[in-house]
Amino acid sequence: MKYSPTFRCDSKCIMCDSWRLKHKENELTLSEIEKLFEEARELGIYYLTINGGIGEPLVRKDIVDILKLAQYEGFATNLITNGLRMNHDLAVEILSTEPFKLHVSLDGATEATHDRIRGIKGAYTKTITALKTLCEVKKELGVHTRIHTDTVIMGINLHEIVDIVKLVESIGAEFLCQPILIYPSIVDLKDELWIDKDRLIELEQVIETLKKLKRTRGVVLNTNKHLDMITNYFKNPDTCRLNDVCSYLLMSLTIEPQGDVTTCLQKIGNIRNQSLISIWQSLDVTKQNLYCQKICINPCFHLHDQIVDFFYEDIVLPIMKARA
């Protein structure tokens with residue numbers, strides 16, 4: 001389950017359209033979130049992403065309380081943040097809730113590239129400081145949270161991807177990446193953001209280097225399958241699928257800040273009007289949904305074959321690192 005606690009954001013990323021739009025207020029209250037999490041566990045949901053893709057979770061002053069609720073319910077919780085609001089005290093509070101993974105958005109190995117992508121001067125310095133602080137606090141507390149980047153591969157940062165990996169490894173963090181998705185609202189930037197055919201050889205070289213770093217250093221969390229999909233996605237996004245059948249509707253729900261429950265295709269309810277359980281039970285997963293051919297990277301990149309990756313990240317990678 002993905003839960004976005006807010007649409008509000010303190011970044012202005014060039015590849016995102018959320019901050020360009022006007023959003024309603026009236027976010028879910030802490031008591032409503034508590035009820036949502038209780039019902040999600042009743043449904044058997046285990047993997048919870050507190051999503052920073054359409055807003056910055058740390059903008060909410062009660063974000064630590066939200067994480068405590070997730071901890072109480074026993075979720076494997078992912079928190080995605082841009083790191084701009086992170087400090088030592090907040091890092092202690094967040095990591096004390098023992099999230100499964102903490103993603104920090106880093107899209108450049110240099111200040112110029114990262115700040116340009118994020119639309120905020122000084123973002124690079126704050127993000128690097130956040131990563132260092134989180135890694136230090138992780139050691140202080142002795143927790144096992146995986147701290148890694150959430151890096152979007154695109155035309156204007158392709159030349160720095162390998163340097164990002166080396167940078168985060170030097171800090172003590174890990175690396176995870178995904179390709180850019182061109183939304184209609186940013187289509188005028190496609191020439192700058194997309195990786196065209198004339199740069200596919202460069203992309204393939206970067207992907208092969210990431211595979212090598214994963215194999216030899218254990219710092220890259222993407223599986224080889226996902227890395228290959230990134231190359232295939234830029235070659236032809238129309239045909240890039242992890243499986244012939246889209247399993248998104250069978251595996252995932254998204255909860256928006258005001259309680260709307262959505263799939264990739266439509267709004268299917270609101271938890272303020274009915275229970276999450278009744279919404280899920282009313283979902284009609286049709287053949288049309290399962291064989292959807294829309295250009296999409298959900299769940300192929302975002303769900304990451306979770307059970308397989310849990311094994312890879314929790315068992316295989318530590319063994320590889322111990323041998324390095």
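This is a predicted model: local features need pLDDT of at least 70, side-chain atom pairs count only at pLDDT 80 or more; totals for chains, interfaces and linings use all residues.
Which helix or strand supplies the largest share of the lining of the second largest pocket?

**View 1. Elements and residue classes in the pocket lining.** Helix H5, residues 123-141, and strand S5, residues 146-153, each contribute at least two residues to the lining of the second largest pocket. The largest share comes from H5, which supplies five residues. By class, the lining of this pocket comprises seven charged, four nonpolar and three polar residues.

**View 2. The packing of helices H3 and H5.** Helix H3, formed by residues 88-95, packs with H5 at an angle of about 55°. The axes of the two helices are 9 Å apart. Angles from 65 to 115 degrees count as roughly perpendicular and those under 35 degrees as roughly parallel; H3 and H5 are therefore oblique to each other. The crossing in which H3 passes H5 is right-handed.

**View 3. Residues at the contact of H3 with H5.** On the side of H3, the contact involves His88, Ala91, Val92 and Leu95. These residues meet Thr133, Leu134, Val137, Lys138, Glu140 and Leu141 of H5. The residues of this contact divide into six nonpolar, two polar and two charged.

Technical notes
Residues are numbered from 1 along each chain as its sequence is written. Side-chain values use heavy atoms; hydrogens and water are left out. Helices (H or I, at least four residues) and strands (E, at least two) are DSSP runs, numbered from the N terminus. Ala, Val, Leu, Ile, Met, Phe, Trp, Tyr, Cys and Pro count as nonpolar, Asp, Glu, Lys and Arg as charged, and the others, Gly among them, as polar. Axes are lines fitted to C-alpha atoms, for helices over the stretch in contact, and angles run from 0 to 180 degrees between N-to-C directions. Angles under 35 degrees count as roughly parallel, over 145 as roughly antiparallel, 65 to 115 as roughly perpendicular and the rest as oblique. A crossing is left-handed if the near helix is turned anticlockwise from the far one by less than a right angle, and right-handed if clockwise. Contact means heavy atoms within 4.5 Å.
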